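Reader: I have a chain open on my screen and would like to go through it piece by piece. Can we start with one of the strands?

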Amino acid sequence: MNNYENISGGQNFDQTSGAIRTMDEFGRIIIPKIVRERMCLLEGDQFEIVTQGTQIIFIRHEPKCFVCEDDINVQKVGRGYLCEEHREMVEEIIA
Ligand SMILES: [Zn+2]
């Protein structure tokens, strides 16, 4: 058994960074640079954090317009997200 099998409990994952990180007092963990580059993660990206058994899974949050489900140029409006076209429609309605 190699180190990775030790860490993963023998499960098959796509790739491992081999890095072990320590959570700080605020619950923060640094994602290794090699993982950020591999996954094209950028500062400001948002994640949904889910648990599965003993695993913690970070799912990149990719907001979609709640009207048309488009994911291009989506911005938060109130409690949901809208694309540019639907933001303009809402602005016309409330103007
Ligand atoms: Zn839309």
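Reader: Is strand E2 (residues 55-60) largely in the open or buried?

Author: This is a predicted model. In it, strand E2 lies largely in the open, because zero of its six residues are buried.

Reader: Which strand does E2 pair with, and in what sense?

Author: E2 pairs with strand E1 (residues 47-52) in the antiparallel sense, over six bridges.

Reader: What about E1, in the open or buried?

Author: E1 lies largely in the open, since the number of buried residues among its six is zero.

Reader: Which residues of E2 stand opposite Val-50 and Thr-51?

Author: Val-50 stands opposite Ile-57, and Thr-51 stands opposite Ile-56.

Reader: What do E1 and E2 form, and how many residues are between them?

Author: They form a hairpin with two residues between them. In the turn, Gly-53 has a positive phi of about 60°.

Reader: Which residues other than glycine have a positive phi?

Author: Glu-69 and Asn-73 are among them. Phi of Glu-69 is positive, about 65°, and Asn-73 has a positive phi near 55°.

Reader: Why point those out?

Author: Because most residues other than glycine have a negative phi.

Reader: Where are those two residues?

Author: Glu-69 lies in the loop between E2 and strand E3 (75-77). Asn-73 is also in the loop between E2 and E3.

Reader: Is Glu-69 buried or exposed?

Author: Glu-69 is exposed, because it has 10 other C-beta atoms within 10 Å.

Reader: And Asn-73, buried or exposed?

Author: Asn-73 is exposed, with 11 other C-beta atoms within 10 Å.

Reader: How far is Glu-69 from Leu-82?

Author: Their C-alpha atoms are separated by 8.5 Å, and the two residues are 13 apart along the chain.

Reader: Where does Leu-82 sit, and is it buried or exposed?

Author: Leu-82 is in strand E4 (residues 80-82). It counts as buried because it has 24 C-beta neighbours inside 10 Å, and the cut-off for buried is 20 or more.

Reader: Which residues does Leu-82 touch, not counting those up to four places away in sequence?

Author: Leu-82 touches Cys-65, Phe-66, Val-67, Val-74, Gln-75, Val-77, Arg-87 and Val-90.

Reader: Which residues make up the largest nonpolar core?

Author: Five residues in all: Cys-65, Val-74, Tyr-81, Leu-82 and Cys-83. Of these, Cys-65 and Val-74 are also among the residues in contact with Leu-82.

Reader: What percentage of the whole protein chain do buried residues make up?

Author: Buried residues make up 5% of the 95 residues in the protein chain.

Reader: And what share of the contacts with a separation of 6 or more comes from residues 24 or more positions apart?

Author: The share is 0% in the protein chain.

Reader: Changing topic. How many helices and strands does the protein chain have, and how do they run?

Author: The secondary structure comes to three helices and four strands. From the N terminus on, the elements run α-α-β-β-β-β-α.

Reader: Last one: where is Ile-29?

Author: Ile-29 is in the loop between helix H1 (3-8) and helix H2 (33-38).

Reader: Buried or exposed, and which residues does Ile-29 touch?

Author: Ile-29 is exposed, because it has 11 other C-beta atoms within 10 Å, and the cut-off for exposed is 12 or fewer. Not counting residues up to four places away in sequence, Ile-29 touches Arg-21 and Met-23.

Methods:
Residues are numbered from 1 along each chain as its sequence is written. This is a predicted model: local features need pLDDT of at least 70, side-chain atom pairs count only at pLDDT 80 or more; totals for chains, interfaces and linings use all residues. Two strands pair if DSSP finds at least two bridges between them. Two residues are in contact if their C-beta atoms, placed from the backbone, lie within 7 Å. A nonpolar core is a set of buried Ala, Val, Leu, Ile, Met, Phe, Trp, Tyr and Cys residues joined through C-beta atoms within 7 Å.
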